[in-house]
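Good morning, colleagues. Please turn to the sequence and the structure that I am about to display.

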Amino acid sequence: MEQRGRRTWRERWLWLSCFFATVAFRSVSLAQIRYSIAEEVKEGTVVGHIAKDLGLDKSTLSNRGYRIVHGSTEEPLFQVNQDDGILYVNRKIDREDVCERSKACVIELKTVLENPLEVHYVAVEVLDKNDNAPIFPEKEKQIEVLESALPGARFQIHAAHDGDSGLLSVQQYKLSPNEDFRLEVKDRGVDRKTPFLILQKSLDRESVKTHNLLLTAIDGGKPPKSGEMKITVVVVDVNDNHPVFTKDSYSVQLQENTAIGTTIIQVNATDLDDGANGEVVYSFSDDVHGKVGEYFDLNAITGELKISGIIDYEESNRYEIDIQASDKGAVPLTMDKSVIIEIIDMNDNAPKIEVMSYSKALPEDSKSGTTVAVITVKDSDSGINGKVLCFINQDVPFTLNPSVQNNMFSVVTKTPLDREKHSQYDVTIIAKDAGEPSLSSEKTIRIDISDVNDNSPQFLLSPYTLYLTENNSPGDSIFKVQATDQDEGDNALISYHIFRGGGNLLSSFLNINPVNGYISALKSFDFEKLKTFRFYVVATDSGSPPSSSNVSVNVFLLDQNDNPPVILHPVSSNGSAEGVEEVPRNVPAGHLVTKVRAYDADIGYNGWLLFSLQEVSDHSLFGLDRYTGRIRTLRSFTETDEAQHKLVILVKDNGNVSLSATATVVVKLVEPKEAISDSDVKSAATDIGDSGVTFYLMITLASVSTLFLISIIVLIAMQCSKTTDVSSKYLPETNYDGTLCHSIQYRSGEKRYMLVGPRMSIGSTIVPGSNGNTLVVPDRRSTSVEPQTTPNPIEMNTWSYRGRPT
């Protein structure tokens, strides 16, 4: 049991030595420091000042997490103080437990500094102390020697065991002074010296029946320690021939993992004596290690050596077994022979992958060649069976780079990373040896890609178009913009604000909720004063540094019916809508009495005026055109007709909620002569008045023409620059049909929009393919106007009005 424990310790420390002896890959700096310390020192004993020897300051040790990498779960032998970098003993070290009987007991420690990874190797040699005295397996031993034994007869004695190694182990044996026996020591290698008693002369049982000897084992310590064993030699008679093996040496090669029960070799010895003295039996020599009995079984009669346990090359690649042949005499004579068994390695161990250092979270902006993890691969087999090929058999942006040290690799990035496309990778590392058949193993590491602020907010639309009805309530939400960011966390947390610069004064009348992007107007807009405007919204994320983007919002105001008709004619001197018209009695039917002129500041249906007779003294005399406001006679006047007639004309627009105004026209019937004289006076007055009107009309026409030319120039410039900005062009028509009306055209890119007012002729058509900024009002006319299509209130394609012209 003790031997098994020692072997387990040996395996662990051999593994640790191999582990810490590896050299880090090319991106990790290496250092090697060597200290020595005696075994059995107290806990806390200082081994060395690592920080000083490595040239590191104390702040570096604590900031970068200087530590020792331990390869097992047991309490470590050494620890390092992160405050001062002193390496000290963590627990009592027994060299015999750690290294058993090795000549040099060197413990390899691997220390690391993080951020960036830096590896330093520290070797601590544990110096042996002479703290173990040689011990014989038996305190007393009895040997029977035939009196016929010839001088030179050899008698093997159990070797003493000393827990120390090297010079501190057993170095010599001494035999108490006597004339009959001398001592001979057979050196079997490292710390293996076997004592033999050699008979110097024939014994005479009749003279001396027993010989008492004292065998002393002495180690090489200063002062030396020793152990003793009493040997009693009993002299017996007869059986004076030893068994003799038929071969001078026995050796065999054996594959590991050979089946239990397989015969390895058969030894054979003969004895010239007769009877029981010549019968030979076989057994393991007293010097055979206890482990051998677990792996091999010897047939005492036939001398067959068979396998009784699992043979593992990695545990031992060679066995030397001493087999003893003894006769059955009263005092058996023995002879020993060594059987050497060479173990042949088989590929029975798959490679083992160990992750030494591992960065679970990797920023997505990491450069190609960034180290993610460091791995070591170990194969316990030897030769070609222990040669390992390591690779990643996946389509991932990572690859393996070999280190200068065999079987050490680093996982590094090979292509740029993008968290928005792939936020996590399960990277499987495959290790495969070169044996036949080949064995392999896998290790999967999960790599999370952490976000960096590499994406700007993106609006869902660009640009935004807002159709806003005039007379909006101040403070109400009128629109919403929304942006998204492909990043995560604070990098995707978006806030909004309106860009106030650039001389855009209207942006000061708008407010935006920085969290949800809802836009509210701080004032009420009037279509008659402002038709369209533009402002910019900026979306900014919360990354460090933040990223932002902006979008333009084009606002088109939609007209409401908020202006009543204004009567332009007739207008009396006091400003009221009332006029007097004189008509000769002899005019025929259809005579134009007068024309009521009106104006509405609204556009489209809201500004389309209809005329109707609200009050008339005689419905058979006068008729009113509902579209032009012309008043005509329906028949000729008679003598019985009244001389004065009052007509009240109602003028109303076509809004959803119609607004109206009234005008009063008083028609006086006069005799033809009076009419002529009056008409002369009126004609003169009219000439004077018309000359003034003509002057104002000329000024108006010149202004309109100038605006039209400016609009054409701006339109051409916009087309050349291929801008998508929305701008308004005011294209007033010069045709005057008796009702003061107007139309407005908008152009955005390749599209043109038109807002139609009452001035537009019945039967005119809006430009095909336009997106109108006109609310469509259902036509109230049953016969005279026929809408061809019913356009969408916002997105309006080709549509027209057809009817009789004014």
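This is a predicted model: local features need pLDDT of at least 70, side-chain atom pairs count only at pLDDT 80 or more; totals for chains, interfaces and linings use all residues.

Setting aside its neighbours within four places in sequence, Arg585 is in contact with Phe637, Thr638, Glu639, Asp641, Glu642, Ala643, Leu669, Val670 and Glu671. Arg585 itself lies in the loop between β42, residues 578-584, and β43, residues 592-595. Is Arg585 buried or exposed? With a relative accessible area of 16%, Arg585 counts as buried, because the cut-off for that class is under 20%.

The protein comprises six helices and 52 strands. Of its 806 residues, 45% count as buried. The accessible surface comes to about 41,000 Å², and carbon and sulfur atoms hold 51% of that surface. Among contacts with a separation of 6 or more, 66% are between residues 24 or more positions apart.

How many of the six residues of β29 are buried? Six of the six are, so the strand is largely enclosed by the rest of the structure. In a regular strand, side chains alternate between the two faces of the sheet. In β29 both faces are covered: Met408, Ser410 and Val412 are buried on one side, and Phe409, Val411 and Thr413 are buried on the other.

Which strands pair with β29? Strand β26, residues 371-378, pairs with β29 in the antiparallel sense over five bridges; here Thr371 has Val412 as its bridge partner. Strand β28, residues 398-402, is also antiparallel to β29, again over five bridges, and Leu400 has Val411 as its bridge partner. The hairpin of β28 and β29 has five residues between the strands, and within this hairpin Asn407 takes a positive phi near 65°.

My last topic is an open sheet of four strands, in the order β33-β40-β39-β36, with mixed pairing. Its edge strands are β33, residues 464-469, and β36, residues 494-498, each of which pairs on one side only. From one strand to the next, the twist averages 30°. Within this sheet, β33 pairs with β40, residues 548-558, in the parallel sense over six bridges. At the level of residues, Thr465 stands opposite Asn554 in β40.

That concludes my presentation, and I thank you for your attention.

Definitions and conventions:
Residues are numbered from 1 along each chain as its sequence is written. Side-chain values use heavy atoms; hydrogens and water are left out. Helices (H or I, at least four residues) and strands (E, at least two) are DSSP runs, numbered from the N terminus. Buried means under 20% relative accessible area, exposed over 50%, partly exposed in between (1.4 Å probe, protein chains only). Contact means heavy atoms within 4.5 Å. Two strands pair if DSSP finds at least two bridges between them. Axes are lines fitted to C-alpha atoms, for helices over the stretch in contact, and angles run from 0 to 180 degrees between N-to-C directions. Accessible areas come from the Shrake-Rupley method with a 1.4 Å probe; for residues, only the protein chains shown count as cover.
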